Amino acid sequence: MKYYYEFNKDPLGNTRMVLPEKLSLFADFIEDISTVEEVDEYIGYIQNVINSRYKDFEITLNATSVIIKKDVTIVEHHYRIEEPHNSTMETEEFLKMLFLWRENC
């Protein structure tokens, strides 16, 4: 993966992906994914966008949503008080991140 990342366990034993501050909203999105089946579903949506089956695709979770486009994915945090409220990453890198999450969650 192009960006620095690591996995940490919180005090409750939940796995958390740590990303650079400018991409931390993506970690917030990933944290809301609760099952391997769910991450597999999202990986499928991303692959459909990359392969031009879908023009774009939006996934909305508890506090965040992502808009997946062929070249770029935008995450938005709906309840964050401080800025930034959104962040951008290459869609291929977002896909890699989800595969990493799947292996480590």
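Me: How many helices and strands does the protein chain have?

Reply: The protein chain has 3 helices and 6 strands. Helices (H or I, at least four residues) and strands (E, at least two) are DSSP runs, numbered from the N terminus. This is a predicted model, in which local features need pLDDT of at least 70, side-chain atom pairs count only at pLDDT 80 or more, and totals for chains, interfaces and linings use all residues. Residues are numbered from 1 along each chain as its sequence is written, and side-chain values use heavy atoms, with hydrogens and water left out.

Me: Which pattern do they follow along the sequence?

Reply: The pattern of the protein chain is β-β-α-α-β-β-β-β-α. Its radius of gyration is 13 Å, close to the 13 Å that the globule rule gives for 105 residues, so the chain is as compact as a globular protein of that length. The radius is taken over C-alpha atoms, and the rule is 2.2 Å times the number of residues to the power 0.38.

Me: What box do the C-alpha atoms fill?

Reply: Along the principal axes, the box is roughly 40 × 30 × 25 Å.

Me: And what share of the residues is buried?

Reply: Of the 105 residues, 39% count as buried. Buried means under 20% relative accessible area, exposed over 50%, and partly exposed in between (1.4 Å probe, protein chains only).

Me: Which residues have the most contacts inside the largest nonpolar core?

Reply: They are F26, F29, I33, F94 and L98, in a core of 28 residues. Two or more residues each come from helix 1 (24-31), helix 2 (36-50), strand 4 and helix 3 (91-104). Such a core is a set of buried Ala, Val, Leu, Ile, Met, Phe, Trp, Tyr and Cys residues joined through side-chain atoms within 4.5 Å.

Me: What does L98 contact beyond its sequence neighbours?

Reply: Setting aside residues within four places in sequence, L98 is in contact with I30, I33, V39, Y42, I43 and I46. Contact means heavy atoms within 4.5 Å.

Me: Is helix 1 mostly covered or mostly open?

Reply: Helix 1 is mostly covered, with 6 of its 8 residues buried. These are S24, L25, F26, A27, F29 and I30.

Me: Turning to E38, is it buried or exposed?

Reply: E38, which is found in helix 2, counts as buried at 14% relative accessibility. Not counting residues up to four places away in sequence, E38 touches D32, I33 and L61.

Me: And K69, where is it found?

Reply: K69 is in strand 4 (residues 64-69). It is partly exposed, with a relative accessible area of 37%. Neighbours within four places aside, K69 is in contact with V49, K55, D56 and T91. The C-alpha atoms of K69 and E93 are separated by 12 Å, and the two residues are 24 apart along the chain.

Me: Now the backbone. Which peptide bond is cis?

Reply: The bond from E83 to P84 is cis, with omega near 5°. P84 is found in the loop between strand 5 (72-77) and strand 6 (86-90).

Me: What phi does S52 have?

Reply: S52 has a positive phi of about 65°, although it is not a glycine. Its place is in the loop between helix 2 and strand 3 (56-60).
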